[in-house]
Amino acid sequence: MKHYQNSLRQEPLAHQDEYSSLDIQYEPEVGLAWYNMHPKPRPCVTPTLVGEIQHWFGELQHNPTLQDVKYIVLASKVPGIFNLGGDLELFTSLIRQRDRNGLFSYATSCIDTMMLNHHGLNRGITTIALAQGDTLGGGLEYALSSDVFIVERSVKLGLPDILFNLFPGIGAYSFLSRKVGAKHAEEIITSGRLYSAEYFFEIGVIDILAEDGQGEYAVHEYLSREEKARNGIKAFRAAKKCTNPITRQELIDVASIWADAAMQLRDKDLRMMERLVSRQNAKA
């Protein structure tokens, strides 16, 4: 791995002012960067949010002033919500237009972003997701691609896609089955239920269960533990990914099945998706 000696800067970079869905903050004393979501018009996985994450990841990979970042944390600035999942308004529009390529392009963009997150931006960064509010669908899928998943106790999590006759096709089964086994993964995906953070912690979906309001403290507490044995932890994490790898091709193949299935949805399924969009709007 290539090593850099440049120091981290605290002040915002010029391009950050152009982000409409992300707020970036740095803690240079611990090599930590936060990317906080606030997508519009709803707190879901919009193409704009995905594009801005990809752009910032590029900065972390190539900007020499950011090479001392060792940890990144995905969080949310929307009170009570981490992320409500895929852009269902976009999905319904593309399905009604019979635009399967548009659906698949969206999925591919999400997958490429998640794979960078899963592999530490290909430069050994520890990736952390901190959920302090509702975490659903694609938001949960993205969080699962992180090395460490920290959730506050009152949070509800789930994959509701089966309720509109689809399945979460951008990594849910791949990441869940590696983490908690096929049986739990299938149960979570096919039930469409909301689960408590306590239950997800008990079965191993969540790595750290924090008390409400203590999520940021839990992040720093984790960092202090990893710092004591960072070389060994990073190496072991890489070894785990070697022994049971999640490949981009696996995710792409699943996304292709997902896009095909989406094109088979009936009007009543699309109306259910539109009702869920209305609920998302109510929470925005």
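Strand β5 (residues 126-131) is mostly covered, with six of its six residues buried, where buried denotes a relative accessible area under 20%, exposed one over 50%, and partly exposed the range in between, for a 1.4 Å probe and protein chains only. Strands, like helices, are DSSP runs numbered from the N terminus, a strand being a run of E with at least two residues and a helix a run of H or I with at least four. The model is a predicted one, in which local features need pLDDT of at least 70 and side-chain atom pairs count only at pLDDT 80 or more, whereas totals for chains, interfaces and linings use all residues. Residues are numbered from 1 along each chain as its sequence is written, and side-chain values use heavy atoms, with hydrogens and water left out.

Within β5, the side chains of T126, I128 and L130 point one way and those of T127, A129 and A131 the other way, and all of these residues are buried. Two strands are taken as paired if DSSP finds at least two bridges between them. On this criterion β5 is joined by four bridges to strand β3 (residues 71-76), the two running parallel, and Y71 has T126 as its bridge partner in β5.

A separate description applies to an open sheet of four strands, whose order is β4-β6-β8-β9 and whose pairing is mixed. Its edge strands, each pairing on one side only, are β4 (81-83) and β9 (194-196). The twist from one strand to the next averages 20 degrees, the axes being lines fitted to C-alpha atoms (for helices over the stretch in contact) and the angles running from 0 to 180 degrees between N-to-C directions. Inside this order, β6 (residues 134-136) and β8 (residues 156-158) pair in the parallel sense over two bridges, and T135 finds its bridge partner in L157 of β8.

Helix α11 (residues 267-283) comprises 17 residues and reaches 25 Å from its first C-alpha to its last, close to the 24 Å expected at 1.5 Å a residue, the expected span being 1.5 Å times one less than the number of residues. Its buried residues are D269, L270, M273, L276, V277 and Q280. Seen down the axis of α11, these residues fall within an arc of 115 degrees and therefore line one face of the helix, the arc being that of the directions from the helix axis to the C-beta atoms. In general, an α-helix has 3.6 residues a turn, so residues three or four places apart point the same way. R279 and A282, on the other side of α11, are exposed.

The cover over the buried residues of α11 includes α2 (88-96), contact being defined by heavy atoms within 4.5 Å. In α2 the buried residues are L88, F91, T92, L94 and I95; they fall within an arc of 165 degrees when seen down the axis of α2, so that they line one face of that helix. Among the elements that cover them are α3 (100-118), α10 (248-262) and α11.

Several backbone features lie in loops. Most residues other than glycine have a negative phi, and most peptide bonds are trans. R98, in the loop between α2 and α3, has a positive phi of about 60 degrees although it is not a glycine, and at 51% relative accessibility R98 counts as exposed. L121, in the loop between α3 and β5, also is not a glycine and has a positive phi of about 60 degrees, but L121 is buried, with a relative accessible area of 1%. A cis peptide bond, with omega about 0 degrees, joins K40 and P41, and P41 is placed in the loop between β2 and α1. The loop between β2 (32-37) and α1 (47-62) also contains R42, which counts as buried at 3% relative accessibility. R42 and L84 are 42 residues apart in sequence and 8.3 Å apart in space, C-alpha to C-alpha.

The structure holds zero disulfides, a disulfide being a pair of cysteine sulfur atoms within 2.5 Å. For C110, which is in no disulfide, the nearest cysteine sulfur is that of C44, 10 Å away. C110 counts as buried at 8% relative accessibility, whereas C242 is exposed, with a relative accessible area of 62%.
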